[in-house]
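Open the model in your viewer and follow along. Each stop tells you what to select and what is there.

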Amino acid sequence: MAQAKKVVLYAVAVFVLYTIINSPQRAAALVGVGFEGIASAAQGVGEFMTELIN
């Protein structure tokens, strides 16, 4: 099982590096979308907690 995790981790790392090298603008856009998603989720959790307190 540990070997499978290593293989998957290496494959993901190679894919990420390939994407960054091949199309840096696309990779930057994907990172931006990811951070927007994380920010939206954090904002939603904050609003939920605020409503729980009120």
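**Stop one: a contact in the helix**

Select phenylalanine 15 and threonine 19. The backbone oxygen of phenylalanine 15 lies 2.9 Å from a polar atom of the threonine 19 side chain. That is a polar contact (N or O atoms within 3.5 Å, one able to donate a hydrogen and the other to accept it; residues adjacent in sequence count only if both atoms are side-chain atoms).

This is a predicted model, where local features need pLDDT of at least 70 and side-chain atom pairs pLDDT 80 or more, while totals for chains, interfaces and linings use all residues. Numbering runs from 1 along each chain as its sequence is written, and side-chain values use heavy atoms, without hydrogens and water.

Stay on threonine 19. Is it buried or exposed? Threonine 19 counts as buried because its relative accessibility is 16%; buried means under 20%, exposed over 50%, partly exposed in between (1.4 Å probe, protein chains only).

**Stop two: helix α1**

Select residues 2-22, helix α1, which includes valine 8. Helices are DSSP runs (H or I, at least four residues); strands are runs of E, at least two, and numbering starts at the N terminus. One of the 21 residues of α1 is buried, so α1 lies largely in the open.

**Stop three: the whole chain**

Show everything. The protein chain has two helices and zero strands. Its C-alpha atoms fill a box of roughly 50 × 35 × 5 Å along the principal axes. Of its 54 residues, 4% count as buried.
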